[in-house]
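Subject: Model for you to look at

Hello,

Here is the structure I said I would pass on. Please open it first, then read the notes below.

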Amino acid sequence: MSCLFCAIAAGEIPSKKVYEDELVYAFYDIDPQAPTHFLVIPKEHIPSCAAITAENASVAAHCLEVIARVTKKLGISDFRVVSNCGAQAGQSVPHLHFHVLAGRDMTWPPG
Ligand code: AMP
Ligand code: ZN
């Protein structure tokens with residue numbers, strides 16, 4: 001199976017790393033939608049939030065813990081976390097990822 005984010009997490013496709021541990025990888029979005037915009041992904045292939053189960057939920061929770069830690073380290077207190085799930089919601093890469101956006105005013109509801 002060829003998956004863009006699996007290849008990025010494996011270092012087969014270059015990316016600008018923000019954070020890495022044995023379970024997750026974080027890197028700057030190639031098309032930033034805010035002054036700070038990075039993605040946090042599990043290294044394990046999970047297609048989207050819709051595929052989170054009791055068995056893999058701990059890595060999704062770990063992504064959120066990493067977001068809290070990395071934003072603190074970057075000095076970011078206000079930020080938005082987004083995970084698009086499915087084409088209608090705007091998901092273009094079918095590997096679970098959390099967008100972290102910061103550095104500008106955000107509107108609500110999102111478009
Ligand atoms: P989504 O549209 O929610 O599935 O988010 C996918 C995100 O991945 C988009 O914001 C893209 O800009 C980003 N993206 C696609 N290819 C790359 C890449 N090679 N490196 C970094 N970010 C990427
Ligand atoms: Zn994948």
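A polar contact here is a pair of N or O atoms within 3.5 Å. Keep that cut-off in mind for the ligand. Note also that this is a predicted model.

**Ligand contacts**

Start with His 99. An N or O atom in the His 99 side chain is 2.8 Å from an oxygen atom of ligand 1. At Ser 92, a backbone N or O atom lies 2.7 Å from an oxygen atom of ligand 1. At Ile 30, a polar backbone atom is 3.1 Å from a nitrogen atom of the ligand.

How much of ligand 1 does the protein cover? On its own, ligand 1 has 500 Å² of accessible area, and the protein covers 83% of that.

**The shell around the ligand**

There are 16 residues around ligand 1. Asp 29, Asn 84, Ser 92, His 97 and His 99 come nearest. By class, the shell has 8 nonpolar, 6 polar and 2 charged residues.

Which element gives the most to this shell? It is α1, with 3 residues. Both α1 (4-9) and β2 (24-28) supply at least two residues each.

**The pocket**

Where does ligand 1 sit? In the largest pocket. About 760 Å³ of space lies in that pocket. The lining comprises 32 residues. Closest to the pocket centre are Asp 29, His 37, Leu 39, Asn 84 and His 99. Of these, Asp 29, Asn 84 and His 99 are also among the residues that come nearest to ligand 1.

Several elements give two or more residues to the lining: α1, β2, β3 (36-42), β4 (80-82) and β5 (98-102). The largest share comes from α1, with 3 residues. By class, the lining has 16 nonpolar, 11 polar and 5 charged residues.

**One peptide bond to check**

Most peptide bonds are trans. Now look at Trp 108 and Pro 109. A cis peptide bond joins them, with omega at about 0°. Pro 109 is found in the segment after β5.

Best wishes

Methods: Residues are numbered from 1 along each chain as its sequence is written. Chains are lettered from A and ligands numbered from 1 in the order in which they are written. This is a predicted model: local features need pLDDT of at least 70, side-chain atom pairs count only at pLDDT 80 or more; totals for chains, interfaces and linings use all residues. Side-chain values use heavy atoms; hydrogens and water are left out. A residue is near a molecule or strand if one of its heavy atoms lies within 4 Å of it. A polar contact is a pair of N or O atoms within 3.5 Å; within protein, one must be able to donate a hydrogen and the other to accept it, and residues adjacent in sequence count only if both atoms are side-chain atoms. Accessible areas come from the Shrake-Rupley method with a 1.4 Å probe; for residues, only the protein chains shown count as cover. On a 1 Å grid over the protein atoms alone, a cavity is a set of points where a 1.4 Å probe fits but cannot get out, and a pocket is an open set with protein on both sides within 12 Å along at least five of seven lines; lining residues have an atom within 4 Å of a point. A molecule sits in a cavity or pocket if more than half of its atoms lie within 2 Å of its grid points. Helices (H or I, at least four residues) and strands (E, at least two) are DSSP runs, numbered from the N terminus. Ala, Val, Leu, Ile, Met, Phe, Trp, Tyr, Cys and Pro count as nonpolar, Asp, Glu, Lys and Arg as charged, and the others, Gly among them, as polar. Grid points are joined across faces, edges and corners, and a volume is the space filled by probe spheres set on the points.
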